[in-house]
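Here are some notes on the ligand site, as requested. Please read them alongside the sequence and the structure.

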Amino acid sequence: MSTPTDAQRMEKIVSLCKRRGFIFQSSEIYGGLNGAWDYGPLGVELKRNLKNYWWHVTVHERDDVVGMDGSILTHPAVLQASGHVEGFSDPMVDCRLTGKRFRADQIPTQSGTIFSFQFARDAIPPPESFSALVHIAAPHLQADKSVSLDDAFKIALLVNERTNLGLQTPANDPESVLKFFLDLGHKLSTSSDVSVAELGEEFGTNYASNPIVSGDQFRVLIGDSENEAKARKKAKKLAQEFYRKRGLRFPVVDLLSTQPIENTRDFNPENGAELTQPRPFNLMFKTNVGAMEDESSIAYLRPETAQSIFVQFKNILEVSRKKLPFGIAQIGKAFRNEINPRNFTFRSREFEQMEIEYFCRADQGMELLEYWKEERLRFYENIGIPRSKLHVLTVPDEERAFYSKGTYDIEYEFPFGRQELEGVAYRTDYDLSQHQKASGKSLEYFDEETKQRFVPHVVEPSAGVDRTVLALICEAYSEDQAPDEKGKMETRILLRFHPRIAPVKCGVFPLLKNNSQLVAKAKEIVGLLRPHMTVFYDESGAIGRRYRRQDEIGTPFGVTVDFETLGEKDPGLRDTVTLRDRDSMKQERVAIQNLPAMLRERIG
Ligand code: GAP
């Protein structure tokens, strides 16, 4: 189901991310590397907070899950057995006009009229035809092999003038130019001057019978919104561009037919040009390990973290001495050569995953699938993504991997539409069985109680770190009205991060930077809080502006040291500060000594 999109909101988010140092385009100063992103000082804190919290609730808080950290370089046999070498591909199509590549399954359906062009011929005579014309125009000159459109006209017009043919200078379109040259050949061949007539005949025959042609067929889709004349013009223009790219300098296109069509995916949604037939495109990055660059040294950058968990299953089972059901968790980089990286970091070529492979008996699979779906939904709520913005899609039978008995996609309402954050899949015993078969090593589990040996089944919650970071930023982005220094209302931009994942937890501000007592006290508070949380000290600018700067990066708490802290007005307020809440902007008076515990509790 589609949800409303908000491109403007997304633009503001992307701009804030760059402005405040959350996310930058990779290799930006060299024009950028498509599909790769660098996290700046705040982005890396946010990402770490997310990963640490996931690790904490998944591994540290549980007895039944252990962690691992596998290598990114992967033996081809692993990915052969898992099916990635053969089948980890997306259907790819290319625009026949621009060469731009798309994922076939992401092309939207379109309706309109198809204009089919059969071939095109060049209105400019081939260079060899010109020798006859050059001869007429200037008998002492040799024709140049590469005659440009300009030169061709100059020569033809010169001939037209010299021989008093009286032809009109053609309009700047291929059809007029074609007609001009045909007429020129014809008129010259009937000249009373025998040598001109001979050369004219030679030129005319050559031009008519040996044109430069392209026999490539080409189709264009023009949407229903255009009227017929405009649609034709537009289609012709695209076709001319197509044939120009095939070497014709001034193509006269041959329109074979027009045909109305509904719901087709055969055309480039950006320009209407025909797409190639879909063909599979393997998404894995291949590399070579060691000094030799041949078949024997091929390795892959892993396309998911899951496979190293399966491959290390036996080792981890032995060392951890866990009993079923138990899980192995991993956070790490994965790489996919996505055809169309897009929507900021949402679809990247390098990204991180947080995956759990939760091994169990066959009869526990479906129940654990439900259990993990609920656990994962709870996780998102605990980091500030409300349940109302999350959707659980039951992946239908025909779209599920053939070995999976049940798969859920957890989706979030991004500003660019509802999209997958995480997949939770019951993958049966497929993965371990595949590796057992391919490696010849037993990956069986021995049940002490029943004395049975069997290959465990697995339920896999697989989440994307970068996608979750993006969801967190999208969810947190907010604008409201707040008074400025002079009490005038202005738009305030803020990130309403859950304190648990906010990159900076507390801003500390001395009211005045040129008062040494205020500054010393504020620095003392920084020292007090720093062992417990990330703190940002800021003494520059008006206090309101300092609050705004922290609001914009999502700092949930602000502590201001003022003259009351020094006990100047009321000794009872000595060593107290104002604690400001980012979202409500409410301020409360708090004793400095209570700050660490109070904030720790609110951070959660
Ligand atoms: N082991 C199962 C697996 O990898 P997946 O649905 O292909 O399943 C799991 O990937 C998660 O990894 C996705 O839900 C998404 O959050 C993240 N992910 C996948 N491809 C991604 C990409 N190109 N860019 C960013 N995140 C991606």
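**Notes on the ligand site**

1. An N or O atom in the side chain of Glu420 is 2.5 Å from an oxygen atom of the ligand. Keep in mind that the model is a predicted one.

2. How much of the ligand's accessible area does the protein cover? On its own the ligand has 550 Å² of accessible area, and the protein covers 89% of that.

3. The shell is made up of 19 residues, and Glu304, Ser348, Glu355, Glu420 and Leu421 are the closest. By class, nine are charged, five are polar and five are nonpolar. Elements that contribute two or more residues to this shell are β15 (350-360), β18 (417-426) and β21 (457-464).

4. Ser348, one of the closest residues to the ligand, sits in the loop that joins β14 (326-335) to β15. Is Ser348 buried or exposed? With a relative accessible area of 4%, Ser348 falls under the 20% limit and therefore counts as buried.

5. The side chain of Ser348 comes to 2.8 Å from the backbone oxygen of Thr345. Once neighbours within four places in sequence are set aside, Ser348 is in contact with Gly35, Trp37, Arg336 and Glu338.

Definitions and conventions:
Residues numbered from 1 in each chain as written. Predicted model: local features only at pLDDT ≥ 70, side-chain atom pairs only at ≥ 80, totals over all residues. Heavy atoms only, no water. Near = heavy atom within 4 Å. Polar contact = N/O pair within 3.5 Å; in protein donor to acceptor, adjacent residues only side chain to side chain. Areas by Shrake-Rupley, 256 points an atom, 1.4 Å probe, with all protein chains shown as cover. Helix = DSSP H or I, 4+ residues; strand = E, 2+ residues; numbered from the N terminus. Nonpolar A, V, L, I, M, F, W, Y, C, P; charged D, E, K, R; others polar. Buried < 20%, exposed > 50% of the residue type's maximum accessible area, 1.4 Å probe, protein only. Contact = heavy atoms within 4.5 Å.
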